[in-house]
Amino acid sequence: MSCSLRDELARRNFAGREVSLAEGALVVGGVAALTLRGGRTADAAVLAAIGTLGLIDDLLEPRLRRAGRPVSKGLRGHLGALRRGHLTTGAAKALGIPLAALGGALAAPAPRGGPMVAADAALIAGAANLANLLDLRPGRALKAVLPAAALLALGAPEAPRGAGGRGLALAALLPGLLAMPFDLRERGMLGDAGANVLGAAVGGAATRRLPVPARLCVLGAVVALTLVSERVSFSAVIARNGPLRALDHLGRLPAPVAAGGTEEPPVPGPGAEAHG
């Protein structure tokens, strides 16, 4: 990797350690390649588009910060900027990912009903966004995505729709497992690109492997968590809950310690949403 490319992909995470967005880019490539290898060209195109939108946001947002231009945060912030006539990279994602998800829902194998196509698209897009919202600490998003992908990959359905869903789950599971050691050791980060594509793949798998009532329940949970995230910090909730805190810290590096023997406060990485 050339020095210029390495520098472009380098970020400081919540603890001030240098990580690389190359992890997220490789996850996008792996998910798309595995989906394409399974003969699902439309699914591969949808996931590649979602990953590309995330990567554009990952790469362009720091440039905007360095140029002194305001950067919106959260869904409300991006849509507010759009109403003021400013198309942020986040707003481009907020528009582009649902459109790509709708394309994926329309291209899914039958059976698919009219209203459920919209619900399935919302689940794919919502899962992509939720995975990104969780990616604020090393391994956190992967600890949510990988168990879901593993459950959705169980069995060997014969129907094309179920088989396609299993393929999407496996396409998320394998690159996610490979990324986990680098994420936990703070060598790399998923960024918007990796988190979005893994969430979208798992959301797509859920739309094809779960019955309608279960899909609607999952969609309701995803929407509720997304709305809550606009007002409540997931990191603060996890920090106050013992079991969640233990799971969140499992496998992670110890927090940096200052010279006086106390933990250093989190250091936000410039231009990086993931890992805080």
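The model is predicted, so local features need pLDDT of at least 70 and side-chain atom pairs count only at pLDDT 80 or more, while totals for chains, interfaces and linings use all residues. Residues are numbered from 1 along each chain as its sequence is written, and side-chain values use heavy atoms, with hydrogens and water left out.

**Helix H10**
- Arg215, Leu219, Val222 and Thr226 are buried in H10 (under 20% relative accessible area, 1.4 Å probe, protein chains only; exposed is over 50%, partly exposed in between).
- They sit on the same side of H10 because they cover an arc of only 65° around the axis (taken from the directions from the helix axis to the C-beta atoms).
- Over on the other side, Pro213, Cys217 and Leu227 are exposed.
- The buried residues pack against helices H6, H8 and H9 (contact means heavy atoms within 4.5 Å).

**Salt bridges**
- There are nine salt bridges in the structure (a side-chain nitrogen of Lys or Arg within 4 Å of a carboxyl oxygen of Asp or Glu).
- Aspartate 120 pairs with arginine 215, closest N and O atoms 2.9 Å apart; this links H6 to H10 across 95 residues.
- Aspartate 120 also pairs with arginine 161 at 3.2 Å, tying H6 to H8, 41 residues apart.
- Aspartate 120 is buried at 4% relative accessible area, and arginine 161 is buried at 6%.

**Leucine 244**
- Leucine 244 is in helix H12 (residues 242-249) and, at 39% relative accessibility, counts as partly exposed.

Methods: Helices (H or I, at least four residues) and strands (E, at least two) are DSSP runs, numbered from the N terminus.
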